[in-house]
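Hi,

Here is the structure I promised to send over. Have a look at it first, and then read on for what turned up.

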Amino acid sequence: MTQYRRLPGKGLRRGGFLTVARTWCTLWLASDHVLSVDTHLFSEDYKRFYLRDIQSITLAKTRRGFVWNIILSCFIALWLAVMFFQSTMEGRIAWLVVTAIFGILLTLNVVRGPTCICYIVTAVHQEALPSLDRIKKAEKVLRILRRHIENAQMNLAQTM
Amino acid sequence: MFENMNTVIECPKCQQPLPDELFNRSGMVNCPSCERPVRVLAFPALFAKVAQGSAGETLFSDDEAGCFYHPQKRAVVHCQNCGRFLCALCDIELNGQHLCTACLESGKKKGKLNTLENHRILYDSIALSLTTYPLLFVYLSLICAPIALFVAIRYWKAPSSIVRKGKIRFILAIVLAILELLGWAALFFAIFTYIPFDKKL
């Protein structure tokens, strides 16, 4: 039985604007391959990327995190304005709670850092890795993967 | 610029080819086409020469073994599952094992070759969900708990997730289903034993 080690990161595979069933993606490392697991409600799909076959991993920064920061900030400003127009203390407290929830979401988004998209490239295909959707997380995983891939392809490097 | 590479590496955002000067830099660099910060980790497999597949050698004398599928081709290896002689064209190497196409196909169908498995149904998650979600609508648990119990027992030996080992979900599902059924049994017992018949109506 193959032993797998979980790599950091968990992300949603974006199938379209409206997706009813969510697909969570995670990455797992075995001795000779990386396993991408797409978890649906009651099933899992697997894709194996053998370390000796991985040609490249590409990463590009996106604006998704920045856009979410703007949206959440706008909501916070709106809820604060609504709160100040409340005449009763109870109303103000209720809106403060709503503002605090959005504040927590904004803080989480800022702490998680800038967003990115990541692809793994082999000779026959290029596959998105939705679990690596933040640069911080992706860099961490790339450090682990780089070491393993270079070890697996050591003989290729020597023959070049 | 791209002549040494087996595959053209594209920018994940604009899908334009990235020049090899951008590869393996310590930080992010801007894509020349879309100006987005990108990072490319290139590995030796990108530049290594791709080995040509062999078509199998033709037999010239009768004292040489021929391939089971192509009798005119020289056998180079035997299938480690069925023992049939195979030529270089028919030989499929998988995890250090040499297999023929028929064994590969049957192994995949029967689930014997784990490395070819790309889909699994999580019966343990189904059983656990049947015991937890109906708790939101209490009455549904009367129907779902026996179904969960059936699923857990029927699929106890079915392979679970490749990455999450163990039977903990099945065990939790069985325990919860039994507790729910005991709860319902106690409720019915109480209704039919302690509440007087005229009050039931």
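A term to start with: two strands count as paired if DSSP finds at least two bridges between them. Please keep in mind throughout that this is a predicted model.

Strand S6 (residues 56–61) of chain A and strand S2 (residues 37–42) of chain B run antiparallel and are joined by five bridges. Within that pairing, Ser56(A) sits opposite Ala42(B), and Leu59(A) faces Arg39(B).

The pair belongs to an open, antiparallel sheet of five strands, in the order S8(A)-S7(A)-S6(A)-S2(B)-S1(B). Its edges are strand S8 (126–128) of chain A and strand S1 (29–30) of chain B, each of which pairs on one side only. Lying across S6 and strand S7 (116–121) of chain A, and across S2 of chain B as well, is helix H3 (residues 135–152) of chain A. The helix runs at about 170 degrees to S6(A).

Now the interface as a whole. On the chain B side 39 residues are in contact with 42 residues of chain A. Together the chains bury about 3,500 Å², with 60% of that on carbon and sulfur atoms. There are 16 residue pairs in polar contact between chain B and chain A, counting pairs with both residues at pLDDT 80 or more. On the side of chain B that touches chain A, the elements giving two or more residues are S2, strand S7 (119–121) and helix H2 (123–132) of chain B. S2(B) gives the most, with six residues. By type, that side of chain B splits into 20 nonpolar, eleven polar and eight charged residues.

Which charged pairs cross over? The rule finds two salt bridges across the interface of chain B and chain A. In one salt bridge, the side chains of Glu139(A) and Arg39(B) meet at 2.3 Å, N to O. Over all chains, the count comes to nine salt bridges.

One more spot to look at, within chain B: His98(B), in strand S6 (residues 97–99) of that chain. The side chain of His98(B) makes a polar contact with that of Asp91(B), at 2.9 Å. Setting aside neighbours within four places in sequence, His98(B) also touches other residues, including Val77(B), His78(B), Cys79(B) and Gln80(B).

Cheers

Note on methods: Residues are numbered from 1 along each chain as its sequence is written. Chains are lettered from A and ligands numbered from 1 in the order in which they are written. This is a predicted model: local features need pLDDT of at least 70, side-chain atom pairs count only at pLDDT 80 or more; totals for chains, interfaces and linings use all residues. Side-chain values use heavy atoms; hydrogens and water are left out. Helices (H or I, at least four residues) and strands (E, at least two) are DSSP runs, numbered from the N terminus. Contact means heavy atoms within 4.5 Å. Axes are lines fitted to C-alpha atoms, for helices over the stretch in contact, and angles run from 0 to 180 degrees between N-to-C directions. Buried area is the accessible area (1.4 Å probe) that two parts lose on being put together, summed over both. A salt bridge is a side-chain nitrogen of Lys or Arg within 4 Å of a carboxyl oxygen of Asp or Glu. A polar contact is a pair of N or O atoms within 3.5 Å; within protein, one must be able to donate a hydrogen and the other to accept it, and residues adjacent in sequence count only if both atoms are side-chain atoms. Ala, Val, Leu, Ile, Met, Phe, Trp, Tyr, Cys and Pro count as nonpolar, Asp, Glu, Lys and Arg as charged, and the others, Gly among them, as polar.
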